[in-house]
Amino acid sequence: MRLAGLAAAVVLLAVRAAVAAPSFSASIDRPAVAPGQPFIYHVTLVSNSQGQPEDFKPPDFRGLQLLGGPSIQTGVNMVMGGGGASVESTVTWSFQLAVAPGTRGPVSIGPARVRGLGGQQLTSNSVSVRIGAAAPGQTGAPQRQRQPSMFPRGLFGDEQEAEEAPASTAAPFLRATADKKRAYVGEQVTVTWQLFVPEIQNYQPTVQPKTDGFWAEDIPSTNPPGQFTYTNQNEGGQQYKVAVVQQRALFPLAPGKLTVSPMEADVAHVDFFGRPFRLRHIKSDALVIEALPLPKEGQPAHFPSANVGRFTLDVAVDRAAVAVGDAVTLTVTVRGAGNVRNVVVPDLPTLAGWKGYEPKTTVTMEGGATASGSKTIEWLIRPERPGTTTIPALTLVSFDPTDRRYVEAKSQPIDVQVGGQATDASAGPAPVAAATPAGLDNVIAAEIRPIRAHGTPSRSIGASFLHGVGFRLTLLMPPLAFVGFALVGRVRARLSRDERRTSRRRLRSIARRRLHAAAAHREAGRAASFYVEIERVLRETLSEKLRVPVAGLRSEELGALLAARGLPAEDGARLLAVLAACDEARFSPGGEPAGRPAQDEMLERAAALIDLIEKAPLATGGTA
Amino acid sequence: MRAALRGLAVVAVALVIAQGRARADRVDEAWRRGNEAYLRGDYAAAVAAYQEVDRQGLASSDVAFNLGDAYFRKGALGPAIWAFERAIAFDPNDDDARYNLDQARKLAARRARDRIEGEDKDPAWMRLVGGWSAATETWAFVGFYLAFFVVLVGRRWARHEWRPALIAGAALLAVGALASGALLAGRVYLDRIPFGVVLPDEIAVKEGADVNYRTSFDAHAGLRVRIVDHDQDWLRVRLANGLEGWVRAQDVGRI
C-alpha cells in the first residue's frame, strides 16, 4: 500500500515536472503558400516561469523573403490541472515571410533558439513550407495564434500585453505578381500590379514597367475611370486596402529568362485643398519569367512562335457565284485565346485565273484576363476567266500550351462559280498577292516602351525659347549694351577734356584781368595796390587750378599744399618768394622799395608764374 | 494718376500670371486624363487628351512620345510613327522614342513597306545638326554668347594684369559662340525644311494637286517625306531619292 502510494507520488511528480517543462515550438499560418504570397511564421515559448526569455535566435530564413518582423506577443494564462493551478506565460515571435518567385518547394525553415528562464537552451522544431496554390479561405488575414485561456482576456493583464505587440507599421507598397513563372514562348503570362495602402491615398504612377522581350497586351481595367476599386485585405497582420493598378498579358518572344522591370509610383495623402502631403515613393519588385522553347516534337517546319494558344479557323466568301471581273471578298478568321494580334494566318494559295489585292487585316480583342479575340483578313479577289475555282482548305497549326501539343485547325474547301467572258488580262494565270511582301518574315514585333506617367509633361524650354522673342532679345542686348558702354565712356572722356579746357580759359581770363589792373596801379603810382593785385592774381590762379581756396593760407601751409599737389619744389619756392616779396612791398614803411623797374620785373615774374601754374599737372579737388 | 497707372500695371501682371497658371493647369489635367485613359486601355480617349496637350504648343518630347504609344496601341501605325519622329525631333537623345519608332516601323513593314531605290543619305551638316537637340544647341550658343560679352565689358574694369587672360578667354568664348551659332543656324534652317510622315496605311501619290491626276506611286504608313510645295489642300512631297508627287495635306503629318 505504501509502495503504491509512493509510486503514485512519483507519477504525480513526473506529470507536474512534464507540465512545468517549457515548450518552444514553431508553426506557419497556412499549409501551403503561393510564390510571393506573404505568410506568418510563429515560434512560441510556453513556460510556467515569469520573466522575459533571453538570447532569441530566429532560424535562417534562407530561400525566403523576410517582409516584416519580428513582432513579439506575450501572454499569461492560468492553467488548472495536475492537482492545482499554475500560471503559464507565453511569448510568441512572429515573422512575415514570402517565398521568393521562382522557388520550387518545399522550403524548410530550420529551428529557432532561445535561452529559457531557467537558463536552459531551447530549440524549436523545423517547419516545412509547401509551395503551391494558397489554401482556400486562407488568402485573407492570417490568424494570430493565441494560447487558450479559461479566464477572460485582460483578467491577468494579457490584454494589455497583447496590445503592446507590434504598433501599426502598415506602409503602402506595390506588388507585382505573375500567374506563372515559367511559360512557353508565345504563351500568355498574366502580370498583375496591385496597390496596397492602409487607407485610400492619392496615387500617381511615375514609372511604367518595361517588358522588353515580351509582346504585351493591356488587359482592360475593371476600375471606374479615374479611380480604383479597393477591397480590404489583411496582409501580414496589417489591414490594407488593395486595388488592381494594372494587368497585362505578356507573351514571351524568345526562350530565356525575361525580366519585367518594377513599376514605380507616388502615393500621398491629400489635404482639404487637394494638395498632396506625406508623399511616398513606392516600387514593386521586378519579375523574372522563364520562357521555355516550344517543344520540337511534332513541330511543323517554319512554325511561327506567335501561334501559341487555342484557335479556330474560319474561311468564307461573300458570294459563291460571280461574273468575270466582279470582286469576291474572301474572309479568313482566326478566333481564340492567345496572342491573337500576332497570330500568323495561313497564306492564301495562288489561284489560277484570279487577281488579288492587298488584304485588310482587322484585329478585335475581347476583354477579360485572358487575351482572346479574333483576327480577320479580308482578301479582295477578282476572277479573270470563267469556270469553277476551288479555294483549297487552309490549315492553321498552333501549339496548345495547356495540352502541350501541336493542334491543326482546318477549313473546308470552297467552290466559286465564275460566269461570263474571260478578260484580256487573263491570258495567263495571275497569282494572288502574297499575304506578306516578299522578304518579310512574320516574327512578332517586340513590345514598345511604356508611356511616361510623370505628374506633368516635360517642356523643351530651349526649343520654345529659340523661336520666341526672348532669344531675339538675348541676341540683340549684349552687343547693344557693349556699344552703349563704349559710347558712354567716349562721351565722358570728351566732357572731361572740355572741363579742363574751360578751366584753363577761366584761369587766363582771371590772370589777364588782374594783370591789367596791376599795370593800371603801376601807371597811377599806387605801389601798394599794385602788389595787392599781384598777390591776388597769383592766389586766385592757384585756387582755380587746384579747385581749393588758398586765399587765407600762410606761406608754409601753401608750400606744403603745392608740394602735396605735385608742384616741383623749385617752382613752389619761386612762387612763395614772389608772394613774400608782395607782402614785404605792401607793408614796408616807405611803400615800394625799388620803384618802377622793380614793379616791371614783378609783373613779368607774376606772368611767368601764372603760365607755369596753368601748365603744371597738379592734382585737383579735396581740401587745403 | 500715377497710383491708377500702377494699379493697372499690377492688375495686368496678375492677369498674365493667372492666365499662365490656368494654362498650366489645363495642360496637366489633360495630360493626367490621357495617362489614365491609356492605362485603362481607352486609347482613343488617350489620343484625344494628348492632342489637347499638344495643341497648347508645349514642345514636349513626353507628349509626343505618349501620343505615339497611344496611336500604336490603337493600331494607327502611321500617326504613331509621326508622333515618335516628333518626339525625337524634340529630343534626339530620347532612346525610348527611337526604340518605339523602330518597333512601329517594323510592324508597319509587315503590312507594307516602301522600298526607295537610289535613296540619298542626308548631308553631313544635317546629320550633325540633327544629332543635338534644339534645346542643347540654343543653350550652348546663349551661354557662349553672353559669357563673351560679359568678359568683354568686364575687361574695362579689370585690373591691368588680368587683362591678357580676359582677352584670351574672350577669344575662346568667341570661338565657342561661333561654333554653337553655326550649329544653331543649321537648326533654324533645318526647322524651316518641312518634313512629314505618311499617316494612312496607304495613299496614292498623284502627279498633280487634284484627285483626278494620275497616280505616280503609292506610299505607305510611316514613310518620311520632305514637303516642298503646297497648293490649297494638297502638298507636293519629295522622297529621299528625289521622286516627287502630290498628296492630300491631311494624309501627311508634319514633324
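Some ground rules first: residues are numbered from 1 along each chain as its sequence is written, while chains are lettered from A and ligands numbered from 1 in the order in which they are written. Since the model is predicted, local features need pLDDT of at least 70 and side-chain atom pairs count only at pLDDT 80 or more, whereas totals for chains, interfaces and linings use all residues.

**Confidence in chain A**

pLDDT is the predictor's confidence in each residue, from 0 to 100. Chain A has a mean pLDDT of 77, and 80% of its residues reach 70 or more. Over residues 6-19 of chain A, though, the value is below 50, and this stretch has four contacts in the model beyond near neighbours in sequence. (Two residues are in contact if their C-beta atoms, placed from the backbone, lie within 7 Å.) Residues 134-168 of chain A are also below 50, but that stretch has 50 contacts beyond near neighbours in sequence.

**Two helix pairs**

Helices here are DSSP runs of H or I with at least four residues, strands are runs of E with at least two, and both are numbered from the N terminus. Axes are lines fitted to C-alpha atoms, for helices over the stretch in contact, and angles run from 0 to 180 degrees between N-to-C directions.

In chain A, helix α5 (residues 527-546) packs against helix α7 (residues 569-587) at about 155°, with the axes 9 Å apart. That angle makes α5(A) roughly antiparallel to α7(A); the cut-offs are under 35 degrees for roughly parallel, over 145 for roughly antiparallel, 65 to 115 for roughly perpendicular, and oblique for the rest. The residues making the contact include A:Y531, A:V532 and A:L538 of α5(A), and A:L575, A:V578 and A:C582 of α7(A). By class, the residues of this contact are eleven nonpolar, no polar and two charged. (Ala, Val, Leu, Ile, Met, Phe, Trp, Tyr, Cys and Pro count as nonpolar, Asp, Glu, Lys and Arg as charged, and the others, Gly among them, as polar.)

Over in chain B, helix α3 (residues 61-74) and helix α4 (residues 77-90) pack at about 165°, and their axes are 8 Å apart. So α3(B) is roughly antiparallel to α4(B). Among the residues in this contact are B:F65, B:Y71 and B:F72 of α3(B), along with B:L77, B:F84 and B:F90 of α4(B). The class count for this contact is twelve nonpolar, two polar and one charged.

**Strands in pairs**

Strands of a sheet pair through backbone hydrogen bonds, either parallel or antiparallel. In this report, two strands pair if DSSP finds at least two bridges between them. Here are some of the pairings:

| Strands | Direction | Bridges | One bridge pair |
|---|---|---|---|
| β24(A) (328-338) and β27(A) (372-383) | antiparallel | ten | A:L330 and A:W379 |
| β25(A) (354-356) and β27(A) | antiparallel | three | A:G356 and A:I381 |
| β26(A) (360-366) and β27(A) | antiparallel | seven | A:T362 and A:T376 |
| β23(A) (321-323) and β31(A) (414-419) | parallel | three | A:A323 and A:G419 |
| β1(B) (195-198) and β4(B) (224-231) | antiparallel | three | B:F195 and B:R226 |
| β1(B) and β7(B) (252-254) | antiparallel | three | B:V198 and B:V252 |

The hairpin of β26(A) and β27(A) has five residues between its strands, and there A:G368 takes a positive phi near 115°.

Strand β23 of chain A also belongs to an open sheet of three strands, in the order β23-β31-β28, with mixed pairing. β23 and β28 (387-391) of chain A stand at the edges with a single partner strand each, so one side of each is left without a neighbour in the sheet. From one strand to the next, the twist averages 30°.

**Where the chains meet**

How many residues of each chain are in contact across the two chains? The count is 32 residues of chain A and 42 of chain B. On the chain A side, the elements that give two or more residues are α3 (461-466) and α4 (469-524). Helix α3(A) gives the most, with six residues. By class, the side of chain A that touches chain B has 18 nonpolar, ten polar and four charged residues.
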